[in-house]
Each structure stands twice: as C-alpha cells, then as structure tokens.
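I opened this entry to keep track of what I looked up, item by item.

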Amino acid sequence: PFRESFYERLGYVTFPLARIARFAPSTLEPLLACNLNGEIERGLIGDGFDAYRAYLARMQPRTHGMGFFVHGDRAAAARNRLWLAQATVGGEPVGLMLYELKGEEPTQFLLRAVRFYYETSQGRYLLLQWIARHIDQADRVELWLAPAEQPETWLADMQVKTESDIRAAMGRVLDVAQIGGMTAGSGCFTARIGDPLCPWNEGVWQFQAVDGALRVSMGERPDCDLTIQGLAALVYGTHDPGDFAVRGWGNPSPAVQAAMRALFPPQMPYLHERF
C-alpha cells in the first residue's frame with residue numbers, strides 16, 4: 001500500500017514489517033565442517049516452479065496471515081534468473097531459498113536471497129551452509145526474512161545488521177461469517193461490527209472458541225462496538241485490543257479486552273506475497 005492511512009479507511013490494518021539481514025558469508029564458515037545429514041538441490045526457479053509452489057502450499061497452514069496467488073506466473077518464473085535451492089532430508093524438502101549473485105567482481109558478489117524459508121533448524125542450517133560454500137565468490141549476504149526471524153541468534157559472531165522493509169503489507173476481513181474455523185484460544189465475546197463498505201459484515205456477532213477453533217454466529221447483546229479494522233487487528237494479531245480506543249476501532253472494556261486476547265492469542269503475521 002502506498003499510504004497506510006488511505007487503506008485503513010478501507011478497513012485494512014498494517015502487518016509488521018519484514019526484515020532484511022546483512023552479514024558476511026565468511027561468518028558462516030564453521031558450518032562447512034558440520035555434517036547436517038541433508039542435501040541441497042539447486043536449479044533455476046523456472047525449472048523448479050512446481051516444487052516451489054508445492055512448498056508454499058505446505059507452508060501456508062502453519063504461517064499466520066500467509067497468502068499466495070492461486071495461480072502463479074509460470075511464464076515470469078521461466079524468464080527469471082533466480083536460483084532455487086531446496087534443503088532436503090531423506091528426499092523431503094525442509095527449507096528453500098530463492099537467490100541470485102549480483103556484482104562485477106567474481107570475489108565480491110552480493111548473494112541476495114529474496115525468499116528464505118525453513119521448517120526445521122536442520123533446514124535452516126542446510127541453507128546457511130550452502131551460502132557458506134560461496135565464501136570465495138561473495139563477500140556480502142542479504143536475506144529477506146519474516147518479521148519474527150532473529151538471525152543474530154543463528155551463529156556466534158555473525159555480526160548481523162538488520163533493517164526493516166520499506167512498506168508493510170496490510171490485511172482486511174472481507175466476510176465475517178467466513179472466518180469461522182480458524183485456530184482460536186479460549187473463551188468468547190460478542191461485538192457489534194461496523195463496516196460501511198461491506199454491509200453484509202455489519203451487525204452483532206458472537207465469537208467463541210469450540211475445540212480449539214473459532215465459531216462465528218449472530219449474537220444478541222454486544223459486549224462492545226468494533227469497526228472492521230478492530231476485528232481485522234484481532235484476527236491477524238497486528239494490534240493489542242488496548243489500542244483500539246486510541247485508533248478509533250472500538251470501545252472494549254478491560255474485561256472484554258482480556259477475553260479478546262484469550263480468544264485471539266497474539267501471533268506474528270507474514271503475508272509472503274508481494275504485489
């Protein structure tokens with residue numbers, strides 16, 4: 001979004017900013033002596049497009065707030081010169097990264113990975129070990145990471161420098177009735193939802209946890225008023241309900257705020273898709 005306040009008026013809330021980590025590949029040299037009991041499979045993204053999409057589909061259910069296009073752009077991938085490195089253990093993928101080597105001097109390349117995903121520590125260190133194999137080619141590494149990542153803890157003396165992405169993703173609830181079934185904490189509350197741009201969302205709704213999943217139904221007596229931005233902030237985990245009064249998103253009492261935190265435990269959302 002080009003301007004947060006513009007999209008906020010349309011019902012959107014801001015996600016945390018993705019992180020960019022920079023460090024020297026030489027700091028990863030100790031990993032070259034490690035037997036990580038896995039392999040790296042490498043090819044251009046155009047050739048590995050189906051494998052990449054399959055990994056994203058596996059990743060989505062365990063990544064809060066993640067979305068990716070139903071139909072990826074295979075033609076664009078075929079034109080792209082990014083490398084796809086997949087970390088595998090026993091033939092099963094446990095991580096991947098999309099990267100390129102940029103520069104004019106063969107010993108002073110920048111290894112830039114615009115995607116760096118893994119399911120396990122083993123997958124992460126297999127990818128980092130692959131980066132370490134480029135010590136003689138690259139003198140700089142740049143990894144684009146999800147907001148929750150802490151690269152400064154991965155290995156001793158990495159001397160990682162991090163900065164935030166320039167623009168944050170934003171998210172909105174399009175249909176209140178359809179968010180039922182998502183993972184939830186415990187308890188319940190009822191709110192009168194205001195959404196003038198999507199009038200089917202307006203009304204009194206009850207939100208309740210049943211066997212670890214969210215149940216959404218029409219309610220009667222609201223515990224508070226919420227704008228659609230307030231509900232989106234709860235669903236995506238982007239803001240604490242204590243912020244709502246200041247942001248103009250609702251008027252939950254301290255007791256209702258506690259119920260909201262119990263039902264929607266804080267999570268760090270990451271959209272993945274860039275567009």
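I noted at the outset that the model is a predicted one. The strands concerned are β2, residues 19-23, and β8, which pair in the antiparallel sense over 4 bridges.

Next I looked up the sheet around this pair. It is an open sheet of 7 strands with mixed pairing, and I read the order as β3-β4-β5-β6-β7-β2-β8. Its edge strands are β3 (39-44) and β8 (161-164), and each of these pairs on one side only.

Helix α2, made of residues 49-59, lies across β4 (83-89), β5 (92-102) and β6 (109-118). I noted an angle of about 125 degrees between α2 and β5.

Entry on Ala-138. I placed this residue in strand β7, which covers residues 138-145. Is Ala-138 buried or exposed? The relative accessible area of Ala-138 is 2%, and the cut-off for buried is under 20%, so I list Ala-138 as buried. I left aside neighbours within four places in sequence and found Ala-138 in contact with Pro-25, Leu-101, Thr-107, Phe-109 and Leu-111. Of these, Leu-101 falls within the residue range of β5, while Phe-109 and Leu-111 fall within that of β6. I also looked up a pair for distance: His-71 is 67 residues from Ala-138 along the chain, and their C-alpha atoms are separated by 34 Å.

Entry on the other sheet. I found an open sheet of 4 strands, again with mixed pairing, in the order β12-β11-β10-β13. At its edges are β12 (213-218) and β13 (224-227), each pairing on one side only. Neighbouring strands here are turned by 35 degrees against each other on average, direction ignored.

I went through the pairings of β10 in turn. Strand β10 spans residues 188-194 and pairs with β13 in the parallel sense over 4 bridges. Within that pairing, Arg-192 has Asp-225 of β13 as its bridge partner. Two helices pack on this sheet. Helix α5 (residues 228-236) touches β10, β11 (203-210) and β13, and its direction makes about 85 degrees with that of β13. Helix α7 (residues 254-263) touches β10, β11, β12 and β13, at about 105 degrees to the direction of β10. On the β11 side, β10 and β11 run antiparallel and are joined by 6 bridges. There I noted Thr-190 with its bridge partner Gln-206 in β11.

Last, I took the overall figures. I counted 7 helices and 13 strands in the protein. Along the principal axes, the C-alpha atoms fill a box of roughly 65 × 40 × 40 Å. Of the 275 residues, 46% are buried. For contacts between residues at least 6 apart in sequence, I noted that 72% join residues at least 24 apart. The protein exposes about 14,300 Å², and carbon and sulfur atoms supply 50% of that area. I also recorded 26 positive and 31 negative side chains, with the centres of the two sets 3 Å apart.

Terms used: Residues numbered from 1 in each chain as written. Predicted model: local features only at pLDDT ≥ 70, side-chain atom pairs only at ≥ 80, totals over all residues. Heavy atoms only, no water. Buried < 20%, exposed > 50% of the residue type's maximum accessible area, 1.4 Å probe, protein only. Contact = heavy atoms within 4.5 Å. Areas by Shrake-Rupley, 256 points an atom, 1.4 Å probe, with all protein chains shown as cover. Lys, Arg positive; Asp, Glu negative; His and termini not counted. Charge placed at Lys NZ, Arg CZ, Asp CG, Glu CD. Pairing = 2+ DSSP bridges. Axes fitted to C-alpha atoms, helices over the stretch in contact; angles between N-to-C directions.
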